[in-house]
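Below is a briefing on one protein chain. Please look over the sequence and the model before reading the points by topic.

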Amino acid sequence: MTSSKSVVVTGAGSGIGRAVSLALLARGHRVALAGRRTDRLEETVGMAGPDARDRTVVVTADVTDPRQVESLFDAAVAAHGRVDAVFSNAGSWGSPGSVDEISAEQWREAVDLNVNGTFYCAAEAVRRMKSQTPQGGRVINNASISAHVPRPRSVAYTTTKHAITGLTKSIELDGRGYGVRATQIDIGNAATEMTSGISKGAVQADGSKRAEPTFDAAHVGELVAYVVELPLDVTMPWVTIAAAEMPWIARG
């Protein structure tokens with residue numbers, strides 16, 4: 001295995017964030033697990049086994065608050081010496097609806113969590129990566145295949161995930177000369193609590209409802225671990241992982 005990396009994972013108390021945290025810890029990395037519920041974060045640490053506990057730090061944080069994000073990265077550096085990578089995973093479907101159906105408040109809530117929260121984490125990570133010795137690190141953003149194709153009545157979620165593409169590309173460009181690399185991971189139908197309804201039936205573009213295939217979120221964990229372990233003379237700007245045969249290349 002490559003040398004142990006210090007990684008910050010947001011939304012680490014469930015779903016994809018939990019799967020990624022477990023994969024990283026299983027491979028010997030040091031992880032700062034962040035989320036809004038301390039009990040769920042501690043569950044994740046417990047699932048990793050006793051050998052992983054001394055390589056973890058649990059931080060209760062709301063990524064929509066830049067001061068809490070700053071404290072999260074302070075805690076990661078204090079515990080693990082530096083920040084080699086961040087997996088910005090905290091996010092939400094938001095409120096369903098077309099552009100004329102959702103309220104201004106519902107729109108702002110989606111933007112605040114999915115875009116602003118990811119931005120705050122990237123900003124803090126890059127500040128640390130530029131100033132530490134040796135310089136550099138990886139910003140890995142969970143975008144979703146909705147960054148490419150929308151589901152019906154998902155204007156807030158889809159728009160925020162499209163925004164992650166611009167953020168990731170800008171980080172990659174501006175990180176030149178500092179060893180900072182950025183990756184956008186577009187995930188489709190990983191089996192989590194958030195996607196539990198999809199396997200039973202999801203509304204398609206033609207208005208019909210159809211059960212869609214899902215896949216084990218542990219595979220996302222292995223993919224993120226692979227990206228974390230890449231040397232900094234390699235970049236992977238974007239990668240897609242999705243359930244085989246799900247309707248996304250040509251939805252509807």
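Which residues point one way from β5, and which the other way? Gly137, Val139 and Asn141 point one way, Arg138, Ile140 and Asn142 point the other way, and all are buried, where buried means under 20% relative accessible area, exposed over 50% and partly exposed in between (1.4 Å probe, protein chains only). The model is predicted: local features need pLDDT of at least 70, side-chain atom pairs count only at pLDDT 80 or more, and totals for chains, interfaces and linings use all residues. Residues are numbered from 1 along each chain as its sequence is written, and side-chain values use heavy atoms, with hydrogens and water left out.

**The sheet**

- Seven strands make up an open sheet with parallel pairing, in the order β3-β2-β1-β4-β5-β6-β11; helices (H or I, at least four residues) and strands (E, at least two) are DSSP runs, numbered from the N terminus, and two strands pair if DSSP finds at least two bridges between them.
- β3 (56-60) and β11 (238-242) are at the edges with a single partner strand each, so one side of each has no neighbour in the sheet.
- On average, neighbouring strands of this sheet are turned by 15° against each other, direction ignored; angles run from 0 to 180 degrees between N-to-C directions, and axes are lines fitted to C-alpha atoms, for helices over the stretch in contact.
- Strand β2 (residues 30-35) runs parallel to β3 and is joined to β3 by five bridges; Gly35 has Thr60 in β3 as its bridge partner.
- α2 packs on the sheet and touches β2 and β3, its direction making about 165° with that of β3; contact means heavy atoms within 4.5 Å.
- Helix α6 (residues 218-229) also packs on the sheet, where it touches β1 (6-10), β4 (85-88), β5 (137-142), β6 (180-188) and β11. The direction of α6 makes about 155° with that of β5.
- Four bridges pair β4 with β5 in the parallel sense, and Phe87 has Ile140 in β5 as its bridge partner.
- Six of the six residues of β5 are buried.

**Helices α1 and α2**

- Helix α1 (residues 15-26) packs against helix α2 (residues 38-48) at an angle of about 35°, and their axes are 9 Å apart.
- On the α1 side the contact has Arg18, Ser21, Leu22 and Leu25, which meet Arg40, Glu43, Thr44, Met47 and Ala48 of α2.
- The residues of this contact divide into four nonpolar, two polar and three charged. Ala, Val, Leu, Ile, Met, Phe, Trp, Tyr, Cys and Pro count as nonpolar, Asp, Glu, Lys and Arg as charged, and the others, Gly among them, as polar.

**Salt bridges**

- The count comes to 14 salt bridges, each a side-chain nitrogen of Lys or Arg within 4 Å of a carboxyl oxygen of Asp or Glu.
- Arg36 and Asp62 form a salt bridge (3.4 Å, N to O). Arg36 lies in the loop between β2 and α2 and Asp62 in the loop between β3 and α3 (66-80), 26 residues apart.
- Arg36 is exposed, at 56% relative accessible area.
- Arg82 and Asp84 meet in a salt bridge (2.7 Å, N to O), and both are buried.
- Glu101 and Arg153 form a salt bridge, with the closest N and O atoms 3.0 Å apart. Glu101 is in the loop between β4 and α4 (104-131) and Arg153 in the loop between β5 and α5 (155-174), so the pair ties together parts 52 residues apart in sequence.
- Glu101 is partly exposed at 45% relative accessible area, and Arg153 is partly exposed at 47%.
- A network of salt bridges links Asp74, Glu124, Arg127 and Arg128.
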